[in-house]
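Please open the model in your viewer and keep the selection tool at hand. The tour begins with the whole surface and then moves to particular side chains.

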Amino acid sequence: KYSFKGNISYSLFIKSLEKKYPECTIFFYDYNGIFLGASPEKILSNNQNSISIDALAGSINREKDSNKDIVNKENLLKDKKIIDEHDIVVKGIIESLSKININSKCSDKHILKLKNIYHLKTCITAQKNNENIFDILDTIAPTPALSGYPRNEAIKIIKNIESYDRGWYSGVIGWIENNLNANFYAGLRSAYIKDDYIYIYAGAGITKDSIPNNEWDEIINKMSTIDEIVNE
């Protein structure tokens, strides 16, 4: 949390996010405060009868040293903890879709490269029948990457152990076009600004094989998406 005085140039804030994170969806909402950020994760898109979902889970920090950075990237596809974390998310999304009789297909795992981090990503696609896009969204969100698996049990645990309100962080943001095509993203790498305070949010996926210090380093790195712009 930062306090500030005076006005913030939101246009410069957004331009900086666009420049630093061109692979992400940049968002800005002005409603009872400002919620903005650069989301790498598409929760759901709909193009006529085709839907697509990004399973984005399993990450490793980028390194300034190019040789170390190459090693980190290669390890992303080998690390058992990262692979298990990713596969849990893919499994949860596929199971959620099957509950409303949607059969899906998965791409091969590949790496999403951002300025400060590598993510493991699988694209999930399907054909929808007459399902309302909001019904599909309600069925899959929050994905295991944003809640846990099994989802209902995980959400109960989160409510019991988290002593703070996530607010809009990790919630669904997006839009629907006039032809009813839609795009929805996770509210990640984000900040909420209100009453002379900036609140920065980030999180990491926890499994039984997680090393706490590594997860904390990942969270700090993710927060730098917003933090470095605040401190420019």
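Show the surface of the protein chain first: its accessible area comes to about 13,100 Å², of which 49% belongs to carbon and sulfur atoms, as computed by the Shrake-Rupley method with a 1.4 Å probe. This is a predicted model, in which local features need pLDDT of at least 70 and side-chain atom pairs count only at pLDDT 80 or more, while totals for chains, interfaces and linings use all residues. Residues are numbered from 1 along each chain as its sequence is written, and side-chain values use heavy atoms, with hydrogens and water left out.

Colour next by burial, where buried means under 20% relative accessible area, exposed over 50% and partly exposed in between (1.4 Å probe, protein chains only); buried residues make up 45% of the 232 residues.

Now select Tyr10 and Phe28, whose ring centres lie 5.4 Å apart with the planes at 65°, so the pair is edge-to-face. For Phe, Tyr and Trp (its six-membered ring), rings pair if their centres lie within 6.5 Å, and planes under 30 degrees apart count as stacked, over 60 as edge-to-face and the rest as tilted. The pair links distant parts of the chain, since Tyr10 belongs to helix α1 (residues 10–20) and Phe28 to strand β2 (residues 25–30), 18 residues apart. Tyr10 is partly exposed at 24% relative accessible area, and Phe28 is also partly exposed, at 35%.

Finally, select Phe27, Tyr31, Phe35, Trp168, Tyr192, Tyr197 and Tyr199, which ring pairs link into a cluster.

Note on methods. Helix = DSSP H or I, 4+ residues; strand = E, 2+ residues; numbered from the N terminus.
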